[in-house]
Amino acid sequence: MTELIVTLSIIMMMSSLVTLTFSPLQKAQQKEHFLHEFKNDLYLTQQLAISTGNPTTLYIRTTNHTYSINQQTKPLYTRTFDSTISFEKGTLSFTDVMYHYNGNISKSGTLLMTIDGTRYRVVFLLGKGRFYIEKM
């Protein structure tokens with residue numbers, strides 16, 4: 001009986017160590033997952049503008065941690081994000097990310113975001129609606 005208790009306590013200690021080592025990996029994966037989702041949602045915004053022929057806007061709402069894809073003030077898609085993620089205005093405001101019917105963005109500029117203390121800059125280029133996300 002004593003051997004069984006010792007064996008189980010060793011197994012429990014080893015499993016708790018495994019859980020502690022995976023925590024940083026999980027946070028890094030969550031960060032990468034959000035960046036990937038955000039990029040795909042920007043591409044979706046552009047593709048909806050091209051396919052429907054209507055201007056399509058990505059609205060970021062920092063108060064309730066959501067962003068939505070809208071056409072003519074009608075939300076088509078809304079995504080919530082974690083409270084550890086924050087957006088800041090750069091040279092663009094939270095309502096300036098609008099794609100025209102041909103896929104071009106209406107204004108070039110930057111948005112800033114922070115994910116778990118790591119800052120990123122989303123840069124929108126004029127012409128063809130291109131953008132990229134860079135770590136600061």
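Helix 1 provides the largest share of the lining of the largest pocket, contributing six residues. The structure described here is a predicted model, and the pocket in question holds about 210 Å³ of space. Its lining comprises 14 residues, and those nearest the centre of the pocket are Q30, F34, D82, T84 and I85. At least two residues of the lining come from helix 1, which spans residues 2-52, and at least two from strand 3, which spans residues 74-80. In terms of residue class, the lining of the largest pocket divides into six charged, four polar and four nonpolar residues.

In one of them, E37 is paired with R79, and the closest N and O atoms are 3.0 Å apart. Because E37 lies in helix 1 and R79 in strand 3, this pair ties together parts that are 42 residues apart in sequence. R79 has a relative accessible area of 17% and is therefore classed as buried, the cut-off for that class being under 20%. R79 forms a salt bridge with D41 as well, and here the closest N and O atoms are 2.7 Å apart. This second pair likewise links distant parts of the chain, since D41 is in helix 1 and R79 in strand 3, 38 residues apart. Through salt bridges that share partners, E37, D41 and R79 are joined into one network.

D41, which has its place in helix 1, is buried, with a relative accessible area of 4%. Besides its salt bridge with R79, the side chain of D41 is joined to the side chain of Y67 by a polar contact of 2.5 Å. Y67 in turn belongs to an aromatic cluster that also contains F34, F38, F81 and F87.

Across the whole structure, a search finds nine aromatic pairs. One of these is formed by F38 and F87, whose ring centres are 5.4 Å apart and whose planes stand at 45°, so that the pair is classed as tilted. Since F38 lies in helix 1 and F87 in strand 4, which covers residues 85-89, the pair ties together parts that are 49 residues apart in sequence. Both F38 and F87 are buried. A further tilted aromatic pair is made by F124 and F131, with a centre-to-centre distance of 6.0 Å and an angle of 40° between the planes. F124 and F131 are both buried.

G109 is found in strand 6 and, at 12% relative accessibility, counts as buried. Although G109 and F131 are 22 residues apart along the chain, their C-alpha atoms are separated by 9.5 Å.

With a relative accessible area of 30%, S9 is partly exposed, and a polar atom of its side chain lies 2.8 Å from the backbone oxygen of V6. S9 and F94 are 85 residues apart in sequence, and their C-alpha atoms are 52 Å apart in space.

Methods:
Residues numbered from 1 in each chain as written. Predicted model: local features only at pLDDT ≥ 70, side-chain atom pairs only at ≥ 80, totals over all residues. Heavy atoms only, no water. 1 Å grid on protein atoms, 1.4 Å probe; cavity = no way out; pocket = protein on both sides within 12 Å on 5 of 7 lines; lining within 4 Å. Points joined across faces, edges and corners; volume = space filled by probe spheres on them. Helix = DSSP H or I, 4+ residues; strand = E, 2+ residues; numbered from the N terminus. Nonpolar A, V, L, I, M, F, W, Y, C, P; charged D, E, K, R; others polar. Phe/Tyr/Trp six-rings, centres within 6.5 Å; stacked < 30°, edge-to-face > 60°. Buried < 20%, exposed > 50% of the residue type's maximum accessible area, 1.4 Å probe, protein only. Polar contact = N/O pair within 3.5 Å; in protein donor to acceptor, adjacent residues only side chain to side chain. Salt bridge = Lys/Arg side-chain N within 4 Å of Asp/Glu carboxyl O.
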